[in-house]
Amino acid sequence: MHIADFLSGSFAGACGVVVGYPLDTVKVRIQTQKQFSGIWQCVATTFSKEGVHGFFKGMSLPLTTVTLTSSVSFGTYRNCLQCLSQVRRGGTGPNTKLEVFLSGMAGGIAQTLVMCPGDLVKVRLQCQTESKRSGASMPKPKYHGPIHCLLSIIKEEGVMGLYRSALPLMLRDGPSLATYFLTYATVSEMLTSSGKKKPDWGAVMLAGGIAGIAGWTLGTPMDVIKARMQMDGVRETRRYKGVIHCITETARVEGGGVFFRSLGINYLRAFPVNMVVFTAYELATDVLQAGPDRAQQPRLGFE
């Protein structure tokens, strides 16, 4: 079992959160609140009303949980590759693209089991546009912080309320992480010089960025549905009965284009974040698996 991949994935996930969180806040607000008409208007409004802090609302819990979820996704992916290799070839020979795709999907599904509560809290806090510094006549934030938000959800909706977005999250992360890891493995292979088993660091960064864009291209529509279901009923009566109803109602009221409304911000965020994630992952794995044979071992995606 590749324990190092769980540890490296945890470190990589934390690095990705720090780099991408401000743009993630903008993305979530665009997806769930009609008052924001575009990326720059959302950025300007958030900064003028809430200051820099407005872009980092709710980050403490995701910073903790994403280290765990990233550990699960990378660790599951790497160990699934090993299992498939053992089953088909006795542990020898390269993995096929199908094996990479299936292992990535397994990693995406596995991570939803641990990320759902933290992701729900993150979205709820990100969508609080009220400021604690508002005057007496202005509405105050419903949640005072990550722990208060978590306890409030349990009190109002029960423990299962923390998993109300599990299905759309799984439908988003399963296919998108399968595409994500397959793209990384494919681009890395293309950029690896003949005779080498590893790409250089420039290729790792480029492949990571492209992989992030590919994953979000597939995952953005379901990401919109997930965010809307997470915010449904927070300030008003619930509108959606389930995933299918949310999809059909959203399309009926706002048109099909709404599912790609946040694609631009996802692209803007995905490249640098995943460039950092894969670079951090590879660096951490090099350190954790340092040894005389490490230099000759293939990187992520090749077995």
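Angles under 35 degrees count as roughly parallel, over 145 as roughly antiparallel, 65 to 115 as roughly perpendicular, and the rest as oblique. Keep that scale handy for the first stop.

Before you click: this is a predicted model, where local features need pLDDT of at least 70 and side-chain atom pairs count only at pLDDT 80 or more, while totals for chains, interfaces and linings use all residues. Residues are numbered from 1 along each chain as its sequence is written, and side-chain values use heavy atoms, with hydrogens and water left out.

**Stop 1: two helices**

Select residues 3-32 and 263-288, which are helix 1 and helix 9. Helices here are DSSP runs (H or I, at least four residues), numbered from the N terminus. The pair packs at an angle of about 160°, with axes 8 Å apart; the axes are lines fitted to C-alpha atoms over the stretch in contact, and angles run from 0 to 180 degrees between N-to-C directions. So helix 1 and helix 9 are roughly antiparallel. Now colour the contact by class: 18 nonpolar, six polar and four charged residues. Nonpolar means Ala, Val, Leu, Ile, Met, Phe, Trp, Tyr, Cys and Pro, charged means Asp, Glu, Lys and Arg, and the others, Gly among them, are polar.

**Stop 2: Arg269 and Asp24**

Stay put and show the side chains of Arg269 and Asp24. They form a salt bridge, with the closest N and O atoms 3.6 Å apart (a side-chain nitrogen of Lys or Arg within 4 Å of a carboxyl oxygen of Asp or Glu). Since Arg269 lies in helix 9 and Asp24 in helix 1, the pair ties together parts that are 245 residues apart in sequence. Buried or exposed? Both Arg269 and Asp24 are buried (under 20% relative accessible area; exposed is over 50%, partly exposed in between, with a 1.4 Å probe and protein chains only).

**Stop 3: inside helix 4**

Jump to residues 97-126, helix 4, and pick Lys122 and Asp119, three residues apart, about one turn of the helix. Their salt bridge has its closest N and O atoms 3.9 Å apart. Lys122 counts as buried at 9% relative accessibility, and Asp119 is buried too, at 8%.

**Stop 4: the network**

Which residues join up in a network of salt bridges? Select Asp24, Lys27, Asp119, Lys122, Arg172, Asp173, Asp223, Lys226 and Arg269.

**Last stop: Arg164 and Glu157**

These two side chains meet in a salt bridge at 3.2 Å, N to O. Arg164 is buried at 19%, whereas Glu157 is partly exposed at 23%.
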